[in-house]
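These are my notes from going through one model.

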Amino acid sequence: MNSLFRRKHYTGKSETGQLNRVLGTWDIVFFGIAAIIGAGSFSSLGEAIFRGGPGVIILYLICGFACAFTALCYAEFASRIPTAGSAYTYAYASFGEMIAWVIGWALIMEYSFGNIYVAFSWSDYFTSFMERIGIHIPDYFTCSYTEAKKAFFNNSTNGELINAWKSAPIIGGLKIIVDIPALVINGLITWLCYQGIKESKNFNNFFVILKLFVILLVIVVGIGFVNTGNWFPTSSVTSEPSFMPNGFTGVMSAVSGVFFAYIGFDAISVLSEETKNPQRDLPRGMLISLGLCTVIYIILTLVLTGLVDYKNFDGIGDPLSFVFNSANLNLPWMEFIVSLIAIVAITTVLLVFQMGQPRIWMAMSRDGLLPKKFQEVHPKNKIPSFATIVTGILVGVPILFTDKSFILDFTSIGTIFAFVLVCGGVLLLPNKEKVKGRFHLPYINGKFIFPFIFFGGLVFFYFYEPDFFHQLTNLSDEKEGEFRLAIIVYIIFNVILCILTFIKNLSLIPLIGLSSCLYLLTGMSHDNWFWFGLWFAIGLVIYFLYGYKNSKLKKETQGVDS
């Protein structure tokens with residue numbers, strides 16, 4: 001049993017490797033912005049606003065708060081272990097081999113499956129833009145088979161999906177419905193990643209500037225049209241003006257879409273071996289990019305909810321251009337610019353995620369948990385060549401048969417789980433000596449502070465939402481029963497954390513990161529947890545069939561013992 005949790009020890013020195021060290025702090029910031037601001041703000045933001053109303057800004061604050069403390073934990077690990085691999089590498093050092101494998105398996109959900117959703121979003125904006133310039137792509141070539149079939153048989157109001165199912169050509173009794181733009185952009189991004197990190201960096205930095213320009217343009221132009229009355233629409237719960245028209249449960253139901261907007265800041269931690277000074281530049285770049293993006297999200301959400309009634313965002317996949325169309329502000333020049341730049345914005349997200357996955361596989365291959373082929377580095381381009389190609393295939397194939405809503409939930413739950421383990425892992429790290437020029441996570445004794453914050457927060461929310469707490473044990477409610485059960489489990493888990501903190505004097509910062517990420521998991525449905533469990537069951541089977549037997553650490557341990 002102990003062999004399953006054997007830990008790998010790192011020296012804290014940068015891995016020499018064969019990858020090019022060309023990235024500085026601001027390159028990392030730009031990669032971070034590229035990963036964070038993309039499909040979340042240009043696509044899933046619309047669904048989040050519809051579910052939570054103007055009050056969804058609270059969820060953005062909660063997610064930003066959780067990610068900020070998680071980023072500090074990532075920064076601490078990055079300063080100690082400047083090696084490609086991200087949370088996988090960090091888990092290997094703190095929890096041991098099997099948990100490291102589980103994290104590596106979870107990161108496939110974030111990087112590869114996350115890019116499937118991003119590719120779908122890119123396709124939506126690209127198709128919409130082509131329509132605006134008079135080029136029509138048949139509906140059955142702009143969506144997935146599963147999406148069209150589900151829309152048709154569930155009597156969806158989405159005319160494009162219905163038409164795709166009805167008008168699709170049939171070969172051998174099978175309707176030919178393929179999202180060609182999504183497949184093409186995946187192929188192009190895979191090719192770009194194969195060209196090398198320097199080329200990818202230059203491409204990324206240029207397009208990030210364009211992306212920030214259009215978001216600032218949306219804010220500056222839109223702010224003059226804001227109707228503050230839209231921030232307090234009639235509540236569906238109390239029939240009175242409310243910042244949260246669907247209640248707090250409605251706000252939390254948007255957690256997948258909102259959290260997806262933050263996914264990406266951790267992806268840059270895989271670039272350790274391509275960063276000039278990873279112990280200094282990675283933590284700085286990660287925290288700066290996260291802080292900037294959080295401010296942008298809050299302002300952007302306030303502007304959008306002030307421009308258009310939240311109910312009008314139902315089914316809207318291009319919210320930033322939607323607010324400027326003829327039915328709303330009627331500014332066609334803004335609608336055109338936003339649609340064009342959105343294609344660019346989402347492209348940069350694809351790039352960063354597609355770069356992240358191969359480097360995690362390379363790290364796992366070095367440890368013997370995956371075949372050696374995954375650690376091959378291209379002699380000229382200096383990138384993990386085989387792993388890059390496999391990533392392109394892994395993203396491309398599911399595009400043929402999955403749909404956006406499933407992928408969004410699947411990606412979010414896997415990423416939050418990885419964040420939970422990273423925050424928990426920092427609690428297990430030994431103290432380190434401070435080194436000038438490197439990031440050092442401040443130690444704040446949480447013995448009294450954490451219990452005070454948690455129980456104080458419970459008391460505050462009890463008086464803020466007394467009805468919710470009065471009904472907390474009523475689990476039979478069809479609408480809120482699942483969420484109430486999740487909250488009960490969350491409270492129990494935090495009480496245990498409070499006891500452990502009081503006994504062991506645990507550090508406050510990773511504790512807050514752990515607790516806030518666990519809270520985000522309360523917004524996941526039982527379907528999310530089912531597919532999450534199934535995915536990890538498959539991963540453990542692969543680990544015991546290959547990884548456990550071929551582990552490099554296992555062989556080294558056996559050599560020492562003999």
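Entry 1, confidence. I looked up the mean pLDDT of the elements in this predicted model. Helix α22 (residues 552-561) has the lowest mean, 70, and helix α19 (residues 481-504) has the highest, 92. For the protein I get an average pLDDT of 82, and 90% of the residues score at least 70. I note for later reading that where pLDDT is low, the predicted coordinates should not be read in detail.

How many salt bridges does the structure hold? I find 3.

I began with arginine 132 and glutamate 335, whose closest N and O atoms are 2.8 Å apart. The pair links distant parts of the chain, 203 residues apart. Arginine 132 belongs to helix α5 (residues 97-132), and glutamate 335 belongs to helix α14 (residues 332-366). I then checked the accessibility of both partners. Arginine 132 is partly exposed, with 31% relative accessibility. Glutamate 335 has 15%, so I count glutamate 335 as buried, the cut-off being under 20%.

Next I took lysine 150 and aspartate 403, which form a salt bridge at 3.2 Å, N to O. Is aspartate 403 buried or exposed? Aspartate 403 is buried, with a relative accessible area of 8%. Lysine 150, at 38% relative accessibility, is partly exposed.

The remaining entry on my list was lysine 373 with glutamate 376, a salt bridge at 3.3 Å, N to O. Lysine 373 is partly exposed at 41% relative accessibility. Glutamate 376 is also partly exposed, with a relative accessible area of 35%.

I located glycine 53 in the loop between α2 (39-52) and α3 (56-80). Its relative accessibility is 0%, so glycine 53 counts as buried. What does glycine 53 touch, leaving aside its neighbours within four places in sequence? I find contacts with Ala48, Pro245 and Tyr310. I also looked up methionine 244: glycine 53 and methionine 244 are 191 residues apart in sequence, but their C-alpha atoms are 5.9 Å apart in space.

Entry 4, helix α7. I listed the buried residues of α7 (residues 159-167) and got Leu161, Ile162, Ala164 and Trp165. Viewed down the axis of α7, these buried residues fall within an arc of 155 degrees, so they line one face of the helix. The spacing is worth a reminder: an α-helix has 3.6 residues a turn, so residues three or four places apart point the same way. Which exposed residues are on the face of α7 turned away from its buried side? That face carries Glu160 and Lys166. I then asked what the buried residues of α7 pack against, and found α6 and β2 (174-175).

I found a nonpolar patch on the surface formed by Ile389, Ile393, Val397, Leu400 and Phe401. Together they have about 440 Å² of accessible area. I looked up leucine 400 from this patch. Leucine 400 is in the loop between α15 and α16, and at 37% relative accessibility leucine 400 is partly exposed.

Definitions and conventions. Residues numbered from 1 in each chain as written. Predicted model: local features only at pLDDT ≥ 70, side-chain atom pairs only at ≥ 80, totals over all residues. Heavy atoms only, no water. Salt bridge = Lys/Arg side-chain N within 4 Å of Asp/Glu carboxyl O. Helix = DSSP H or I, 4+ residues; strand = E, 2+ residues; numbered from the N terminus. Buried < 20%, exposed > 50% of the residue type's maximum accessible area, 1.4 Å probe, protein only. Contact = heavy atoms within 4.5 Å. Arc of directions from axis to C-beta. Patch = residues over 30% accessible without salt bridge, like charges linked within 9 Å, V, L, I, M, F, W, Y side chains within 5 Å. Areas by Shrake-Rupley, 256 points an atom, 1.4 Å probe, with all protein chains shown as cover. pLDDT = per-residue confidence, 0-100.
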